[in-house]
Amino acid sequence: MLFNRDRDRPWKFGLTTILFLIVAFYIKTSNAFAEFIDSSIVDVIQKNQPGWKTLLYRGVTILAEPKLAIIWVLVLGFLLWGFKFKIPALWCLATLGGGDVLATLVKHVVKRARPSSHLAIDDGYSFPSGHVFGTFLLVAMIWLILVPMLMHTWQAWLLRLILLFWMALVMISRVYLNAHFPTDTLGAVMLGYLWLQFTEGLYIRLAPAMQHWPLLKHSEI
């Protein structure tokens, strides 16, 4: 089984959901504390803006485009399907697709405007960050599916460190480029985590039954 049964999953899902709702409520109501946290972090991240750093973060944000996240997950799903991991491949596609729908709904409920000096290319609502949300789900898929397949422990730890570093770069880049507030990136990670807990729980329940479907009969789970 790709995922182990976790007795703490309901608590993880419930606690993260509560925390996310609190953050979303603070943002929806323009809470002064949330605005203070945002401004304090923005001051630190945007304190120095040399040309090389701006170029770096623009490159990061291009590679983390939500549209590209779809392509990366399609590639991952294709590879998994080819190696007889058909049900995990479908899980990856469904997790990203359903997650994008969820994040879009949240955006239209909260309706947070982007920072005043954002680039024209960054349109739509600000909370949560689509770049960070898509990156979190992609990183989680690699962490949960590909990392355990590595033969050596040092390789697994190296890949985990690379994934964490990339996640941090994407979060910082969105704030540095004035595309999002810091709480937009935090909210995206929280929403991604609670959605991941939900889809993992569904996988554990549904995967054994899906193995009996003709197209998925010989799939690993």
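User: On what basis are the values given?

Analyst: The model is predicted: local features need pLDDT of at least 70, side-chain atom pairs count only at pLDDT 80 or more, and totals for chains, interfaces and linings use all residues. Residues are numbered from 1 along each chain as its sequence is written, and side-chain values use heavy atoms, with hydrogens and water left out.

User: Which residues does the cis peptide bond join?

Analyst: Most peptide bonds are trans. Here a cis bond joins Phe-127 and Pro-128, with omega about -5°. Pro-128 lies in the loop between helix 5 (86-110) and helix 6 (130-146); helices are DSSP runs of H or I with at least four residues, numbered from the N terminus.

User: What is the phi of Asn-178?

Analyst: Phi of Asn-178 is near 65°, and Asn-178 is placed in the loop between helix 7 (153-176) and helix 8 (182-210).

User: Which residues of helix 1 meet helix 5?

Analyst: Contact means heavy atoms within 4.5 Å. Phe-20, Ala-24, Ile-27 and Lys-28 of helix 1 meet Val-106, Val-109 and Val-110 of helix 5. These residues divide into six nonpolar (Ala, Val, Leu, Ile, Met, Phe, Trp, Tyr, Cys and Pro), no polar (the others, Gly among them) and one charged (Asp, Glu, Lys and Arg).

Conventions. Helices (H or I, at least four residues) and strands (E, at least two) are DSSP runs, numbered from the N terminus.
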